[in-house]
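Here is a briefing on one protein model.

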Amino acid sequence: MTPLSSAAELERLLGKRMNTAIISHFNPDGDAVGSSVGMKRFLLSNGQESEIVLPSRHPEFLGFLDPENTIVCYADMKERALDIIRSAELIICLDFNRLERTEWLADTLAASNAVKVLIDHHLNPDKSKFDIVISDPSASSTCELLYRTIMSFSTVQGDPHRLSHDTLTAIATGILTDTNNFNNSVTPDTFSIASDMLRCKVDLDAINTMVFKRYSESRMRLMGHLLTDSMVIEPSLNASTIVITLKDREKFNFADGDSEGFVNLPLMIGKVEVSALFSETPEYIRVSLRSKGHVSVNALANAYFNGGGHERAAGGRLYMPVEQVREYFLRSLEQFLQTTTPDRQ
């Protein structure tokens with residue numbers, strides 16, 4: 001449940017009409033963009049301006065949430081992004097549990113004297129860096145948690161009809177994407193909120209089309225290539241690995257967001273319990289981990305991949321040649337399972 005005292009304190013702060021910045025994480029996904037735009041739209045409907053700053057660009061298929069292109073991306077507008085943070089009196093951080101998840105923005109955020117609010121559903125938030133923390137790892141998404149928070153405001157009184165259609169659409173987008181179209185991490189609250197959205201005439205079918213059915217031809221061809229030529233199953237560990245190389249990125253004209261959902265595909269194979277996707281960039285190897293069954297990929301990412309996340313969905317980074325990542329992953333997973341599953345020893 002949403003901590004009512006924290007939500008009340010946030011509502012009090014918003015009533016002061018402070019200069020507000022909204023921040024989310026590097027490589028923003030639907031939940032990051034949806035919660036950020038949802039927060040901005042809610043503030044705007046109450047006569048309060050704010051600005052969204054993201055460390056890197058969001059995927060093109062989420063552009064419908066920001067048709068006016070108001071989101072400020074640090075990768076494109078470094079000084080403007082930093083100026084927004086430096087001048088903010090209130091900073092609302094969404095969908096990340098540590099400032100480090102904002103990459104190049106982290107130092108500026110840490111140095112800011114603004115009141116910092118965190119709304120997030122990841123495990124183990126760094127509460128020491130924030131003045132108000134609204135956290136619930138059991139929530140399907142940060143958007144779900146944001147919705148519950150706003151519903152608790154005295155000015156809203158639990159009535160979703162008091163929220164603008166744009167606010168509800170953005171929040172619905174985050175819920176839809178983080179649950180993989182209501183297939184993962186859902187709770188009774190998730191479906192209750194979806195029902196609220198439908199009663200308020202939010203077109204979930206249209207959002208589903210925009211998010212899951214508007215990919216490029218090159219993405220589809222990349223997916224086919226990876227499943228045919230890159231996916232490797234390790235039966236002894238019930239694990240799958242997929243590697244996207246820089247050559248793959250060039251050949252298939254890779255764009256931000258093109259690999260969204262790829263890591264989930266091997267889990268459709270009955271015997272696969274852990275899936276790992278490694279995406280090579282010029283600076284590092286991006287790691288995405290998913291699981292079904294008993295394996296905590298959050299703990300695995302923390303122990304071996306400089307990352308973390310949720311019990312069944314996590315990520316991290318590696319700094320090694322791409323040719324070495326499969327062997328490193330399988331060795332790490334075997335050690336991890338021996339430690340966490342005694343009967344494997």
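α2 is mostly covered, with 14 of its 16 residues buried; buried means under 20% relative accessible area, exposed over 50%, and partly exposed in between, using a 1.4 Å probe and protein chains only. This is a predicted model, in which local features need pLDDT of at least 70, side-chain atom pairs count only at pLDDT 80 or more, and totals for chains, interfaces and linings use all residues. Residues are numbered from 1 along each chain as its sequence is written, and side-chain values use heavy atoms, with hydrogens and water left out.

**Helix α2**

- Helix α2 spans residues 30-45. Helices are DSSP runs of H or I with at least four residues, strands are runs of E with at least two, and both are numbered from the N terminus.
- From first C-alpha to last, the 16 residues of α2 reach 22 Å, close to the 22 Å expected at 1.5 Å a residue. The expected span is 1.5 Å times one less than the number of residues.
- Gly47 follows α2 and has a positive phi, near 80°.

**Helix α9**

- Helix α9 covers residues 217-230, which makes 14 residues. Its reach is 19 Å from first C-alpha to last, close to the 20 Å expected at 1.5 Å a residue.
- Which residues of α9 are buried? They are Arg219, Leu222, Met223, His225, Leu226 and Ser230.
- The arc is that of the directions from the helix axis to the C-beta atoms.
- An α-helix has 3.6 residues a turn, so residues three or four places apart point the same way.
- Glu217, Arg221 and Thr228 are exposed on the other side of α9.
- The buried residues of α9 pack against β7 (232-234), β8 (239-244), α10 (246-251) and α12 (325-340). Contact means heavy atoms within 4.5 Å.

**Ile244 in strand β8**

- Ile244 is found in strand β8. Its relative accessibility is 0%, so Ile244 counts as buried.
- Leaving out residues up to four places away in sequence, Ile244 touches Leu226, Arg249, Phe254, Ser259, Phe262, Leu277, Phe278, Ser279 and Glu280.
- Ile244 and Leu222 are 22 residues apart in sequence. In space they are 9.1 Å apart, C-alpha to C-alpha.

- Helix α8 runs over residues 204-212, and its buried residues are Leu204, Ile207, Asn208 and Val211.
- Seen down the axis of α8, these residues fall within an arc of 105°, so they line one face of the helix.
- α6 and α7 are among the elements that cover the buried residues of α8.
- Asn181 lies in the loop between α6 and α7. Its phi is near 60°, a positive value in a residue other than glycine. Asn181 is partly exposed, with a relative accessible area of 30%.
- Lys201 lies in the loop between α7 and α8. Its phi is positive, about 70°, although Lys201 is not a glycine. Lys201 is exposed, with a relative accessible area of 67%.

**Cavities**

- How many cavities of 30 Å³ or more does a search of the whole structure find? It finds two.
- On a 1 Å grid over the protein atoms alone, a cavity is a set of points where a 1.4 Å probe fits but cannot get out, and lining residues have an atom within 4 Å of a point. Grid points are joined across faces, edges and corners, and a volume is the space filled by probe spheres set on the points.
- The largest cavity holds about 40 Å³ of space. Its lining is Ala172, Ile175, Phe182, Thr190, Ile193, Ala194, Met197 and Leu204.
- α6 (165-178) and α7 (188-199) each supply at least two residues of that lining. α7 gives the most, with four residues.
- The lining of the largest cavity has seven nonpolar residues, one polar and no charged. Ala, Val, Leu, Ile, Met, Phe, Trp, Tyr, Cys and Pro count as nonpolar, Asp, Glu, Lys and Arg as charged, and the others, Gly among them, as polar.
- The second largest cavity holds about 30 Å³. Asn97, Arg98, Arg101, His122, Gly308 and Gly309 line the second largest cavity.
- The lining of the second largest cavity has no nonpolar residues, four polar and two charged.

Methods:
1 Å grid on protein atoms, 1.4 Å probe; cavity = no way out; pocket = protein on both sides within 12 Å on 5 of 7 lines; lining within 4 Å.
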